[in-house]
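Here is a short briefing to read alongside the sequence and the 3D view. Keep both open as you go through the points.

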Amino acid sequence: MTLFLAAAYVAPILGGFIADRWLGRFATIAAFALPYLAGHVVLAEVPTRAGLGLALALLALGSGAIKPNTSTLMGMIYESEKKTALLGRAFSYFYAAINVGAAVTSLGLPLVREAWGYRIALLVPAALMAISFGLFVAGRRHYPAEPPRRAPTTAERSE
């Protein structure tokens, strides 16, 4: 548990770095949503100690890359559309949706577990993540283009 929590707190640094230097926000979110989704499936389908370890590693890595980039991408969308006056309201709705989703999950998944068991209760977030991923990718044309910035080379820094 301690290693998972440490990874969940350190992974966003890696996720932000990857987005800044190589992939950009959209590609980083899209690429790391797949390991995150796989982590949910492994958690449900591989009920062993090794499965738990793999699932937690995938979940930490995926959430670490997704977390620092979603709100940044949303800010970039509003800036590119010259709607920065709405940004405060947009972030309020964004974080309210996250908190409502967390509350519904905390209240609803125990009911699902009681009715259909752990496997189904663990697959529900995977299914919702798959739907979210599909909607995210489908909206690609609405996201601003973002070429990743590369780190200056040693020669460039010395000039």
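**The largest pocket and its surroundings**

Helix 4 supplies the largest share of the lining of the largest pocket, with 11 residues. Please bear in mind that this is a predicted model. The points below start with that pocket and then turn to the chain as a whole.

**Pocket**
- The volume of the largest pocket is about 1300 Å³.
- Its lining is made up of 28 residues, and those closest to the pocket centre are Y36, I66, I98, M129 and S132.
- Two or more lining residues come from each of helix 2 (25–45), helix 3 (49–80), helix 4 (87–116) and helix 5 (118–138).

**Fold**
- If you trace the protein chain, you will find 6 helices and 0 strands.
- In sequence order, the pattern of the protein chain reads α-α-α-α-α-α.
- The C-alpha trace spans about 60 × 40 × 25 Å along its principal axes.

**Packing**
- The protein chain has 159 residues, and 31% of them count as buried.
- Among contacts in the protein chain with a separation of 6 or more, 67% are between residues 24 or more positions apart.

**Surface and charge**
- About 10300 Å² of the protein chain is accessible surface, and carbon and sulfur atoms account for 69% of that area.
- You can count 14 positive and 8 negative side chains in the protein chain.
- The centres of these two sets of charges lie 4 Å apart.

Technical notes
Residues numbered from 1 in each chain as written. Predicted model: local features only at pLDDT ≥ 70, side-chain atom pairs only at ≥ 80, totals over all residues. Heavy atoms only, no water. Helix = DSSP H or I, 4+ residues; strand = E, 2+ residues; numbered from the N terminus. Buried < 20%, exposed > 50% of the residue type's maximum accessible area, 1.4 Å probe, protein only. Contact = heavy atoms within 4.5 Å. Areas by Shrake-Rupley, 256 points an atom, 1.4 Å probe, with all protein chains shown as cover. Lys, Arg positive; Asp, Glu negative; His and termini not counted. Charge placed at Lys NZ, Arg CZ, Asp CG, Glu CD. 1 Å grid on protein atoms, 1.4 Å probe; cavity = no way out; pocket = protein on both sides within 12 Å on 5 of 7 lines; lining within 4 Å. Points joined across faces, edges and corners; volume = space filled by probe spheres on them.
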